[in-house]
Amino acid sequence: MNFYIVLIFLITYLLCSINPAIEICKRKTGEDIRKLGSGNAGTANAMRVLGKPLGTLVILLDIGKVYLSYYIIAWITRLFGYTTDMTTFKTVLILAAIIGHCFPIYYKFKGGKGVVVGMTLMIILEPKTVLICVIAALIIMAITRTVAKGTIAGTVLYFIMSLVMGCDHIVAVTIATAIVIFKHRASIQRILARQEHQF
């Protein structure tokens, strides 16, 4: 059991550590996207630095790596006939994916903020809940014209809903939420100082 948990954690972590924004920017401009624009290796900065077509590709690849991880570890589970409770499965998947994306081993542990990866995990595990959170995030973005306010609000709302509904993987959700909020600390400081970028 312990070997299996370590195995699926490592597979998910290593796959989700691959950062499309960094790789695409490096090949297109020869530069590190973490030194351009807002300095974040994520979707919003990719849109600004690389343009909408490549920024959209970054989103699709970030979503794709989470689904790939999910299907690979599900396949391994069936292949070896290993059965585990869904709480453990969800916990390992959430933590490995978020930690891999935000703290990738390939890029000196400096990755993205985990929003797209986190949303993809929610779609896989809690599709009904994510719809409410995405709608709330989009409304806040439209009203404030600030991406960070919407994404932070959506993340916090998902955590609150998970807590209220008593989801079985709340520990993983709590840790993932804390990581995403931590990665947004600069944006939070700008929001408090009323200096956050608007679109």
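Select Tyr-106 to begin: with a relative accessible area of 44%, Tyr-106 is partly exposed, because that value lies between the 20% and 50% cut-offs. The model on screen is a predicted one.

Show both rings: the centres of Tyr-106 and Tyr-107 are 6.1 Å apart and the planes stand at 80°, so the pair is edge-to-face.

How many aromatic pairs does the structure hold? There are five. For another of them, select Tyr-70 and Phe-89, whose ring centres are 5.9 Å apart; with planes at 80°, this pair is therefore edge-to-face. Tyr-70 belongs to helix α4 and Phe-89 to helix α5, so that the pair links distant parts of the chain, 19 residues apart.

Colour these two by accessibility. Tyr-70, at 22%, counts as partly exposed, whereas Phe-89, at 6%, counts as buried.

Of its 17 residues, 13 are buried, which leaves α5 mostly covered. Check the length with a distance between the end C-alpha atoms: they are 24 Å apart, in agreement with the 24 Å that 17 residues should span at 1.5 Å a residue.

Now turn to the largest nonpolar core, which has 28 residues. Which of them touch the most other members? Select Val-66, Ile-94, Ile-98, Val-117 and Leu-121. Helix α5 gives the most, with eight residues. In soluble globular proteins, nonpolar side chains tend to be buried together.

Centre the view on Ile-94. Leaving out residues up to four places away in sequence, Ile-94 touches Leu-121, Leu-125, His-169, Ala-172, Val-173 and Ala-176.

For the last stop, select Phe-182 and Arg-185. The charged end of Arg-185 sits over the ring of Phe-182, at 4.1 Å from the ring centre.

Key:
Residues numbered from 1 in each chain as written. Predicted model: local features only at pLDDT ≥ 70, side-chain atom pairs only at ≥ 80, totals over all residues. Heavy atoms only, no water. Core = buried A, V, L, I, M, F, W, Y, C linked by side-chain atoms within 4.5 Å. Buried < 20%, exposed > 50% of the residue type's maximum accessible area, 1.4 Å probe, protein only. Helix = DSSP H or I, 4+ residues; strand = E, 2+ residues; numbered from the N terminus. Contact = heavy atoms within 4.5 Å. Expected span 1.5 Å × (residues − 1). Phe/Tyr/Trp six-rings, centres within 6.5 Å; stacked < 30°, edge-to-face > 60°. Lys NZ or Arg CZ within 6 Å of the ring centre and 35° of its normal.
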